[in-house]
Amino acid sequence: MTSHPNRRTVLAATATTAAAVALGAAATPAAHATSAASAAPTLPNGISKDKVLVIGMDGLRHDRIDAANAPHLKAMMREGTYGTSLLYANPMAATSSGPGWSTLSTGVWPDKHGVKDNTFAGKNYTRYPGLLARLAQVRPGLSTYAALDWKPLDAQGTVTPGADAKLVLDGDADGYVQHDATIAAEAESVIRDQNPDVLFVYFGQSDIVGHNSGAASQAYLDQIAVQDAFVGRLRAAIQARPSYAGERWTVIVSTDHGHTDGGGHGGSAIEERRTFVLATGPGIAAGARPIDTRLVDVVPTVLHQLGIAADPAWGLDGKPVQQRSADPFDSLHGSLTARVDETGIPASVLGFTHTAPSGWSVVNNAMGTGGMTEWRGWSFATDEFWSRTQRDQSRELNVRARGVFAVADSDEWADKSFSGTYDSTLVTPAHNVTGKANVRLDFTTFYRQEGAQTAQILASFNGGTPAVVKSYTSDVISQPQSVTVPVPAGASSVGFRFRYTGSNNWYWVIDGVTITAS
């Protein structure tokens with residue numbers, strides 16, 4: 001990744017001597033260079049019975065795992081929770097390693113951590129530190145270790161700050177094949193023979209093979225098998241620990257981005273945006289396939305498994321993988337259907353419905369006629385379905401929505417012959433406010449303003465005439481929102497409405513709606 005903003009330098013895999021490795025490693029007391037035969041560093045003795053191993057596999061497209069000889073990853077899928085999702089794209093950030101690993105390590109999206117590409121320009125790790133740096137701040141007694149062979153993750157401060165010991169090798173200069181093997185051997189030794197609490201172990205060759213051969217190739221499947229064997233060795237080392245019976249180990253496997261079938265990433269194609277979080281450990285459900293997992297969930301999961309409460313002041317965007325959303329829109333997932341007019345979306349992608357959740361409704365009395373069926377009035381859709389409609393119109397930036405969300409999209413609706421204007425209202429169930437002074441509406445929104453379109457939130461008490469309590473007149477790029485409304489004297493119920501009007505303009509997304517009276 002040294003010469004191109006979106007990808008690592010692609011080198012032929014070569015065996016590496018210990019001397020060459022030494023020249024490529026960071027020369028600091030906490031770092032060391034090693035051959036497979038050299039001794040691992042001595043870590044401080046761990047203090048926790050709760051322990052976590054995070055394994056990062058660069059550019060590993062999760063939808064290729066099933067076709068690979070990957071018994072250990074597949075065993076983890078049976079034993080744990082496996083959530084897949086999509087990344088952002090430009091202008092938020094490229095689907096490249098700098099933003100991807102920054103997102104995973106900090107637990108926040110690029111609009112917070114500031115890394116948009118592999119230059120790392122604009123990084124804000126002071127405000128949003130990486131995982132091991134965060135742990136060093138809040139629980140400095142933990143014994144922590146990092147091993148990687150893409151050097152910017154050390155040099156830029158993405159992963160290694162806070163580690164008690166680190167192995168930093170230079171895959172770009174020397175090739176990743178031997179360095180990945182060295183990392184696997186040393187991490188195996190550290191786990192088996194010492195007492196670490198938290199480890200971050202990175203393998204880079206999967207990305208190189210993705211670039212050289214493409215994600216659709218047999219070579220890519222073969223590399224998944226190689227790294228799966230590394231996973232097996234590390235899991236076996238955990239189970240071989242003499243103290244294993246009294247410990248509670250969590251293992252997390254994840255990636256920074258996907259790859260196109262032909263090889264490459266950095267753009268907005270679905271295949272480039274694919275990520276996953278696979279986790280096993282105490283309290284993590286076996287065989288679960290949640291629809292609401294995101295890449296930012298790795299850090300909150302680690303904190304949760306270590307018994308560390310996340311401080312809201314940290315501004316984390318994620319949640320533990322075992323924590324399910326109460327979002328009513330996610331209840332629609334099993335009833336989502338395939339495309340109707342959106343022929344560019346594969347028929348196999350089941351991703352939209354017009355049927356509202358129980359208690360909700362959509363009012364289309366003033367809605368125009370015709371247009372694209374999928375987007376006639378408020379719809380309920382997934383990220384993959386909606387963002388496939390048209391690339392590079394910023395739909396990829398809907399990062400803080402999870403699972404199924406509500407969307408009003410006058411731009412896509414107008415892609416087929418229509419008459420009239422787009423005018424649709426999403427209505428919440430009534431909420432009890434008896435004896436309360438205020439009612440608060442919380443939600444996540446993604447709104448793009450254009451022309452004369454309007455986006456209004458209205459409140460109706462006791463079924464009365466709805467009154468506008470908030471209007472949007474400028475872009476809001478996937479942000480949490482909160483609206484507090486005084487409760488009139490004698491009011492016993494409130495319902496909120498989201499009304500969007502437009503004519504071949506942009507769109508409005510709503511998700512994670514909660515109503516709280518106080």
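A salt bridge is a side-chain nitrogen of Lys or Arg within 4 Å of a carboxyl oxygen of Asp or Glu. The legends below describe close-up views of a predicted model.

**Figure 1. Salt bridge between K166 and D154.** The closest N and O atoms of K166 and D154 are 2.6 Å apart, inside the 4 Å limit. K166 belongs to strand β5 (residues 165–168) and D154 to helix α6 (residues 152–155), so the bridge ties together parts that are twelve residues apart in sequence. K166 has a relative accessibility of 13% and counts as buried. D154, at 12%, also counts as buried. A search of the whole structure finds 26 salt bridges, and the pair shown here is one of them.

**Figure 2. D292 with its partners K319 and R324.** In the bridge between D292 and K319, the closest N and O atoms are 3.3 Å apart. D292 lies in the loop between β8 (274–280) and α12 (298–305), whereas K319 lies in the loop between α12 and β9 (352–353), so this bridge ties together parts that are 27 residues apart in sequence. D292 and K319 are both buried. R324 also forms a salt bridge with D292, with 2.9 Å between the closest N and O atoms. Because R324 is in the loop between α12 and β9 and D292 in the loop between β8 and α12, this second bridge ties together parts that are 32 residues apart in sequence. R324 is partly exposed, with a relative accessible area of 39%, while the value for D292 is 3%, which makes D292 buried.

**Figure 3. Aromatic pair of W101 and Y202.** The ring centres of W101 and Y202 are 5.5 Å apart and the planes stand at 70 degrees, so the pair is edge-to-face; the cut-off for that class is over 60 degrees. The pair links distant parts of the chain, with W101 in helix α3 (residues 97–106) and Y202 in strand β6 (residues 198–203), 101 residues apart. W101 is buried, at 1% relative accessible area, and Y202 is buried at 0%.

**Figure 4. Aromatic pair of W413 and Y422.** This pair is edge-to-face, with 5.6 Å from centre to centre and 80 degrees between the planes. W413 has 0% relative accessibility and counts as buried. Y422 is buried as well, with a relative accessible area of 0%. The search of the whole structure gives 24 aromatic pairs.

**Figure 5. An aromatic cluster and two charges over rings.** Ring pairs join W378, F443, Y447, Y472, F498 and W508 into a cluster. The charged end of K470 sits over the ring of Y472, 5.0 Å from the ring centre. The charged end of R448 sits over the ring of W506, at 4.0 Å from the centre of that ring.

**Figure 6. The nonpolar cores.** In soluble globular proteins, nonpolar side chains tend to be buried together. The largest nonpolar core has 100 residues, and F498 and W508 have the most contacts inside it. Strand β22 (residues 507–517) supplies the largest share of this core, seven residues. A second, separate core has 40 residues, including A147, I191, L221 and V251. F498 and W508 also belong to the aromatic cluster of Figure 6.

**Figure 7. The largest pocket.** The volume of the largest pocket is about 630 Å³. The pocket is lined by 26 residues, of which K319, R400, R402, T444 and G512 are the closest to its centre. β17 (438–447), β20 (476–486) and β22 each supply at least two lining residues. The largest share of the lining, four residues, comes from β22.

**Figure 8. P282 and T250.** P282 is placed in the loop between β8 and α12. P282 is partly exposed, with a relative accessible area of 37%. The C-alpha atoms of P282 and T250 are separated by 6.8 Å, and the two residues are 32 residues apart along the chain.

Terms used:
Residues are numbered from 1 along each chain as its sequence is written. Side-chain values use heavy atoms; hydrogens and water are left out. A nonpolar core is a set of buried Ala, Val, Leu, Ile, Met, Phe, Trp, Tyr and Cys residues joined through side-chain atoms within 4.5 Å. Buried means under 20% relative accessible area, exposed over 50%, partly exposed in between (1.4 Å probe, protein chains only). Rings of Phe, Tyr and Trp (its six-membered ring) pair if their centres lie within 6.5 Å; planes under 30 degrees apart count as stacked, over 60 as edge-to-face and the rest as tilted. A charge sits over a ring if NZ of Lys or CZ of Arg is within 6 Å of the ring centre and within 35 degrees of the ring normal. On a 1 Å grid over the protein atoms alone, a cavity is a set of points where a 1.4 Å probe fits but cannot get out, and a pocket is an open set with protein on both sides within 12 Å along at least five of seven lines; lining residues have an atom within 4 Å of a point. Grid points are joined across faces, edges and corners, and a volume is the space filled by probe spheres set on the points.
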